[in-house]
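Subject: structure for you to look at

Hello,

Here is the structure I said I would send. My notes on it follow below.

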Amino acid sequence: MPGGYLKLIELGLEDCVDEIDAQRNQGYILYKDGKNAPISYPLEKFQSHVVGKNFHNDRFVRRLRKKAESLHNVSLEQGTVTSLLEENGTIKGVHYKDKSGQILTAYASLTVVCDGCFSNLRRSLCNPKVDVPSYFVGFILTNCKLSDQNYGAIILADPSPIVFYPISSTEIRCMVDVPSQNLPSLSNGEMSHYLKTLVALNVFPETYDSFISAIEKKDNIKIMPNRIMADAPHRTPGALLIGDSLNMRHAITGGEMTVALSDVVLLRDLLRPLHDLSDASVVCKYLQSFYTLRKPMSSTINILATVLHKVFSSSSDPTIEDIQHACIGYLRLGGVFSSGLSAMISGLCPRPLSLAFHLFALAIYGVGRLLLPFPSPTRLWNGAKLFWVSSNIIFPIIHFEGVRQMFFPLTVPAYYRTLPRNKDLRV
């Protein structure tokens, strides 16, 4: 997302998306029942190179590692961390296995845990309650083009939403969202049959042949769980969780890396004035502000991702269908309505209050759309149902993220952080 790219610039790592055939992404276009609505990122105030970037993730990670390795004060070790090293409630480092299988120990005053969505280290540092509402079934298409290569596409189809976006000059990634309870088996051919008979009917004509070819290609289909987990860390001296190890959201808006990079910038800024990390308990108390300060970016992207997935998913409830049409109509209004939502999706405007305004405005627009041209009893009933269903989607998600930290951060004691004094730190 553009917001994530701006974080890369803050970190001096923007060149890590160079030379990997990264594709410019200026937004997404929603398609439903022959109508479409653009979600264009509001980039007018930024230089021309500030856009979203689509790429092969492994190429980007290799560039990051190469950049880190080039620094004189960085030692790069490759291994698999097996457990955290804990002494008297304080994390002192990690046990890890190197390429030869030997178990080694690395000691550190501060251990930053960032082992992603499948983290096996988070259990001792937080209370992980992971929900898997759906899976993304992904594969790569070749020999085809989207109608606008600078935009991704989201098709609101039955039975599954479908996402397309280019990841190189010759490849398009397709991701099909499938509910957890209805996931066909990949091993016995059920998944291929599902994609060919139900999903393929909804794709663009110009991508149909490539879609079928990609399904038939051996080992091309990958399945990834869409995980949702609130940040609920324990106060643990000597360790800190960031990124997907700490907090996850549905991947339909592609905001994971933006949140992770925002975490990195915030943690860097908090650590920069410290010259001594030896007293783990003092540093831990100081870093408690991290979990409140990260909320504007994380909660805005998290809530939008979860709300949009619930709204975009196929449902037999006609009210959800009405909300989908309301989303399309709201975005097609243009101006502040479209740019406001897209600015938050893209990480350019991480403001929970703005998010609350737009979600409320969208619900009001949806109700008004149903009441026109005149509010008959049936229209009034349908409008009331839309507002009720919308509220039942939005308010639990906001509660899940934490109302106090989102909207009233000044009431959180950890917000008022002060730098540890020299005498507080044991040298």
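Between domain 1 and domain 2 there are zero salt bridges, a salt bridge being a side-chain nitrogen of Lys or Arg within 4 Å of a carboxyl oxygen of Asp or Glu. This is a predicted model, in which local features need pLDDT of at least 70 and side-chain atom pairs count only at pLDDT 80 or more, while totals for chains, interfaces and linings use all residues. Residues are numbered from 1 along each chain as its sequence is written, and side-chain values use heavy atoms, with hydrogens and water left out.

The two domains

Domain 1 covers 1-27 + 36-76 + 249-426 and domain 2 covers 131-226; the bounds come from an automatic or database domain assignment. Their centres, taken over C-alpha atoms, are 25 Å apart. Contact (heavy atoms within 4.5 Å) involves 20 residues of domain 1 and 24 residues of domain 2. The buried area between them is about 1800 Å², with 55% from carbon and sulfur atoms; buried area is the accessible area (1.4 Å probe) that two parts lose on being put together, summed over both. On the domain 1 side, His56, Phe312 and Ser314 lose the most area to domain 2, together 25% of what that side buries.

Salt bridges

The whole structure has 13 salt bridges. In one of them, Arg63 pairs with Glu19, with the closest N and O atoms 3.5 Å apart. Arg63 lies in helix H2 (residues 57-69) and Glu19 in the loop between helix H1 (2-10) and strand S1 (23-25), so the pair ties together parts 44 residues apart in sequence. Helices (H or I, at least four residues) and strands (E, at least two) are DSSP runs, numbered from the N terminus.

Asp231 and Lys295 form another, at 3.1 Å, N to O. Asp231 is in the loop between strand S13 (222-228) and strand S14 (239-241) and Lys295 is in helix H8, so this pair links parts 64 residues apart in sequence. Both residues are buried, where buried means under 20% relative accessible area, exposed over 50% and partly exposed in between (1.4 Å probe, protein chains only). Shared partners join Asp231, Asp263, Arg294, Lys295 and Glu401 into one network of salt bridges.

Around H10

The buried residues of H10, including Leu341 and Met344, pack against strand S3 (35-40), helix H8 (295-312), H9 and H11. After H10 comes Gly347, with a positive phi near 80 degrees. Leu348 is in the loop between H10 and helix H11 (352-371).

Regards
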